[in-house]
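Subject: Structure handover and findings

Dear colleague,

Please find the structure below, followed by notes on what was found in it. I would be glad if you read the notes with the model open beside them.

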Amino acid sequence: MKPAPFSYLRPTTLDEALAALAEHANAKVLAGGQSLLPLLSMRLAAPAVLVDVNRVPGLDEVRSDEDGVAFGALVRHAALERDADARRVQPLLGRALRLVAHPTIRSQGTTVGSLAHADAAAEMPMVLTLLGGHVTAASVRGERRIEADDLYVGPLESCLEHDEMLTGAWVPALPARTGAAIDEISRRHGDYALVGVASLVSVGESGAVESVRAGYLSVSDTPLVVDLSEAFADGEMSPGNLAAAVEVASAAIEPDADIHATADYRRHLAGVLTRRVVAAAHASLTTEGVS
Amino acid sequence: MTDTAHETHEVDLVVNGAAHRIDVPARKLLSDAIRQDCGLTGTHVGCEHGVCGACTVLVDGTPARSCLMLAVSADGRDVTTVEGLTEPGDRLSPVQQAFKECHGLQCGYCTPGMVMSAIDLCTHHPKSSETEVRALLDGNMCRCTGYQNIVKAVMMGGEAMASGQPIKTAETA
Ligand SMILES: Cc1cc2nc3c(=O)[nH]c(=O)nc-3n(C[C@H](O)[C@H](O)[C@H](O)COP(=O)(O)OP(=O)(O)OC[C@H]3O[C@@H](n4cnc5c(N)ncnc54)[C@H](O)[C@@H]3O)c2cc1C
Ligand code: FES
Ligand code: FES
């Protein structure tokens, strides 16, 4: 199928873009188009107006400092994945981006577009939530910062107002004595994952495990982060504690069945990945050195 | 607001070095504009939602799914399609020659997309490992070959581009 007709606007300044969004109630932002174009072609979306923001200047910068990584709305997945400073400051970014779609999609799709798209099967909304990052939304009414925890309200639904667009996002640096890992299982490389898990494991000065958190893909309506620390109360990264962590995770997730996997299978995968990814995040502390 | 159903846009594209000025509705996909308005049917269209990779072209030198870009968004951009790879004297480019030598195609439906995806890798990372080639092509589907010969072809094409040596063909060998 082909997209339904729409009007097309291509603002060349942010103010113009925001004015267009304010003027047209049924308008959508077009960034990389890697999620929106399929929706238009399948006629799952039929906005009256598309506001193509690709020629708005100043939105394609990645800035990293010791506190975190900020990236603009037009930073492509591939550019963020390649950015050496961003990878050093927050290694989970690059590791997660490698799992997003295929190289050709990553060279066009934007990471902020993925955050706006609010898909609980997508890696980056979950990573933003796990890391405790935020996004910046702008409209003719002004600018506001939205914490990841407040951004996602339902399936494919964020709390953005129709006249708002995201101008950028920020994630904090990986804290000291913290390891990060991500892994997922998908039917083919680059497909949306059946289940994915990312984890942050922090240890104290003695090396005892202090905090274990994990983010889950495709097992809930909105990006889900579960605190697994209680399973590691004795500070050990032991098989017994990992099994206990799987129990904690299993109680928190609510996978659905679809044509690709039953709910039980997803639950099983979530357990396998929890064990694998938490152990990998912990192991990365020793293999990569503590910074 | 203009009448959406009849709104058209004048779009300037440089396709394989030739300038095209086309008049298209906003909803026209770049893939359709290349095929219908520019008359270049080497770019194939399979799924039209970004999954199969058959429609891959280079936009400003970067691989892109032409079914996931509006023609109007590509205004002023430089597009390379599979037709643009042909070398002087109507010779196939090294990557295309390698597909031929390695039997990297059967029905040929996926081939333009495979070749356009491979061009980027062969140009920028000609010495890629098999794992890297497979990772690059993981977004391109082929229903015929079973992929082995496509991977071989991309590796051969990359080597030929790196060394500048022509590929030994059945005719030249
Ligand atoms: C075959 C295929 C496989 C894929 N696999 C994966 C995968 O495994 N994991 C994954 O995470 N993604 C996957 N994707 C999606 C891809 O990551 C997209 O790039 C991303 O989801 C959206 O970014 P975009 O820039 O392309 O946004 P667009 O498609 O342009 O927009 C998507 C939505 O976000 C809105 N939007 C975009 N930017 C803004 C903004 N700045 N402010 C407000 N709203 C905005 C749009 O209005 C639209 O509703 C896949 C896509 C394809 C085609
Ligand atoms: S036709 Fe574009 S990816 Fe299938
Ligand atoms: S050769 Fe037929 S689809 Fe690849």
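A salt bridge here is a side-chain nitrogen of Lys or Arg within 4 Å of a carboxyl oxygen of Asp or Glu. By this rule A:Glu81 pairs with A:Arg106, with the closest N and O atoms 3.0 Å apart. Because A:Glu81 sits in helix H3 (residues 77-82) of chain A and A:Arg106 in helix H6 of chain A, the pair ties together parts that are 25 residues apart in sequence; helices (H or I, at least four residues) and strands (E, at least two) are DSSP runs, numbered from the N terminus. Over all chains, the search of the whole structure finds 18 salt bridges.

As to conventions, this is a predicted model, in which local features need pLDDT of at least 70 and side-chain atom pairs count only at pLDDT 80 or more, while totals for chains, interfaces and linings use all residues. Residues are numbered from 1 along each chain as its sequence is written, chains are lettered from A and ligands numbered from 1 in the order in which they are written, and side-chain values use heavy atoms, with hydrogens and water left out.

Turning to the interface, the contact (heavy atoms within 4.5 Å) takes 33 residues from chain A and 33 residues from chain B. The two chains bury about 2,500 Å² between them, 56% of it on carbon and sulfur atoms, where buried area is the accessible area (1.4 Å probe) that two parts lose on being put together, summed over both. Of the area that chain A buries against chain B, A:Phe6, A:Tyr8 and A:Thr104 supply 20%, more than any other three residues. The rule finds 3 salt bridges across the interface of chain A and chain B, and A:Arg10 forms a salt bridge with B:Asp75, the closest N and O atoms being 3.0 Å apart. On the side of chain A that touches chain B, strand S1 (7-9), helix H2 (36-41), strand S3 (49-52) and helix H6 (103-106) of chain A each supply at least two residues. That side has 15 nonpolar, 12 polar and 6 charged residues, counting Ala, Val, Leu, Ile, Met, Phe, Trp, Tyr, Cys and Pro as nonpolar, Asp, Glu, Lys and Arg as charged, and the others, Gly among them, as polar.

With regards
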